[in-house]
Amino acid sequence: MSTHSDLIHIFKGIPFTTRSSAELLKCLGSFQAHEDDLLLVSYPKSGTHWLAEIMKHLYNSKVTLTSPIEFGDISKLEELNNITTKRIIPTHLGYNMLPQDFKTKKCKAIYIIRNPKDTAVSLFHYYRDNPNLPTIDMWSTYFDMFLNGQVVYGSWFDHILSWEEHQNEMGTLFLYYESMKKNPFKSVRAISSYLGININDNEIHEICKKTSFSEMKNSAENEISDPNHTVCSLTSNRKMIFRKGTVGDWKQYFSTKQNRLFEELYNTKMNTSCLAKRIHYEN
Ligand code: A3P
């Protein structure tokens, strides 16, 4: 069995898996963005694959959906440089680690937010099932790590706050997982408007159908994973992604005391956050 130190390294105080090499992370600062690059941003387990699938349908085959900018080794920068079509680039990086050139060129970015309690539970399952992460069997151990920002990509709170603080610099569009579940049509309409894509109602309905949880889960079960093609730096195995896809699963895991601790930290950390005020915990 792989140990914690085989799988995790710390870069600028943030835990990364060894699938993001330290050399690559060091070089990201010099990355050259294109003005039409589009970033798909998320804290892990917030609906990244769902958002990426919507993008594929919105753009058909006219774009290249790359693997995350922080995934791989130093050869990654050249690989991205060689792409000549519009690039859609996923990332789980906090704003402060994002290559400067994306900011200078004011690239578009879409950030998907999921309520942190469900995000925590979803990531817990990743820690149990994903061989690229150290195994943590006990929910209570994991819960403390999540609260203290000791999981991959660090603190959920700091991640979202870093993007919110700079939201006007790149004109980032923020989407909510729970709103997408409730009204996918409205979300796809908002995305297409943000990107300036002309699309009619029938086409949107079609995209919503093709990107539903059940459709995506079924197709992941029937496809062969390509290790180089992933939208999440933590796994290339899509079969592992589609677990429940619901809102409110956290209630099966959080004890009353854990919920209180979580709420206390949430209220302290997110006190001034406008984005946090719009997060829904229920269906
Ligand atoms: P659960 O573990 O709660 O089921 P990411 O893509 O960022 O890794 O996020 C994975 C989470 O998004 C998983 O949550 C997964 O089931 C959920 N998900 C993926 N596709 C979805 C879809 N089309 N609709 C709803 N949820 C989806």
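Tutor: Let's begin at Arg87, which touches Phe31, Gln32, Ala33, His34, Asp36, Asp37, Leu38, Thr64, Thr66, Leu80 and Asn81, leaving out residues up to four places away in sequence (contact here is heavy atoms within 4.5 Å). Before we go on, this is a predicted model, where local features need pLDDT of at least 70 and side-chain atom pairs count only at pLDDT 80 or more, while totals for chains, interfaces and linings use all residues. Residues are numbered from 1 along each chain as its sequence is written, and side-chain values use heavy atoms, with hydrogens and water left out.

Back to Arg87: this residue sits in strand S5, residues 86–91 (helices, H or I with at least four residues, and strands, E with at least two, are DSSP runs numbered from the N terminus). Arg87 counts as buried because its relative accessibility is 0% (buried is under 20% relative accessible area, exposed over 50%, partly exposed in between, with a 1.4 Å probe and protein chains only). Asp37, one of the residues that Arg87 touches, also makes a polar contact with Arg87, side chain to side chain, at 2.8 Å (that is a pair of N or O atoms within 3.5 Å; within protein one must be able to donate a hydrogen and the other to accept it, and residues adjacent in sequence count only if both atoms are side-chain atoms).

Now look at Ile88, which is in strand S5 too. Ile88 is buried because its relative accessible area is 1%. Leaving out residues up to four places away in sequence, Ile88 touches Leu38, Leu40, Met55, Tyr59, Val63, Thr64, Leu65 and Thr66. Leu38, Thr64 and Thr66 turn up on the list for Arg87 as well, and on the one for Ile88. Ser67 makes a handy landmark: it is 21 residues from Ile88 along the chain, and their C-alpha atoms are 8.9 Å apart.

You'll find Asp249 in the loop between H13 and helix H14 (256–269). Asp249 is buried because its relative accessibility is 7%. Beyond its neighbours within four places in sequence, Asp249 is in contact with Asp118, Val121, Arg243 and Lys244. With Arg243 there is also a polar contact between the side chains, at 3.0 Å.

Lys244 leads us on to the ligand. There are 19 residues around the ligand, and Thr48, His49, Ser122, Lys244 and Gly245 come nearest (a residue is near a molecule if one of its heavy atoms lies within 4 Å of it). A backbone N or O atom of Gly47 is 3.0 Å from a ligand oxygen. A ligand nitrogen lies 2.9 Å from a polar backbone atom of Thr211, and a ligand nitrogen is 3.4 Å from a polar backbone atom of Phe213.

Gly245 and Phe213 show up again at the largest pocket, where Tyr177, Phe213, Ile241, Phe242 and Gly245 lie nearest the centre among 34 lining residues. (On a 1 Å grid over the protein atoms alone, a pocket is an open set of points where a 1.4 Å probe fits, with protein on both sides within 12 Å along at least five of seven lines; lining residues have an atom within 4 Å of a point.) Helices H3 (48–59), H6 (116–129), H10 (177–182) and H13 (213–222) each give two or more residues to that lining. H6 gives the largest share, 6 residues.

The second largest pocket has Leu173, Phe174, Leu175 and Tyr176 in its lining, along with others including Ser179 and Arg278. S7 gives the most there, with 4 residues. Thr172 is in the loop between helix H9 (167–170) and strand S7 (173–176). Thr172 counts as buried because its relative accessibility is 10%. Apart from residues up to four places away in sequence, Thr172 touches Ala109, Tyr111, Trp163, Gln167 and Tyr194.

For a contrast, go to Asp73, in the loop between strand S4 (63–65) and helix H4 (75–81). Asp73 is partly exposed because its relative accessible area is 41%. Setting aside neighbours within four places in sequence, Asp73 is in contact with Ser21 and Leu24. Its side chain also makes a polar contact of 2.6 Å with the side chain of Ser75. Cys27 is 46 residues from Asp73 in sequence, with 9.9 Å between their C-alpha atoms.
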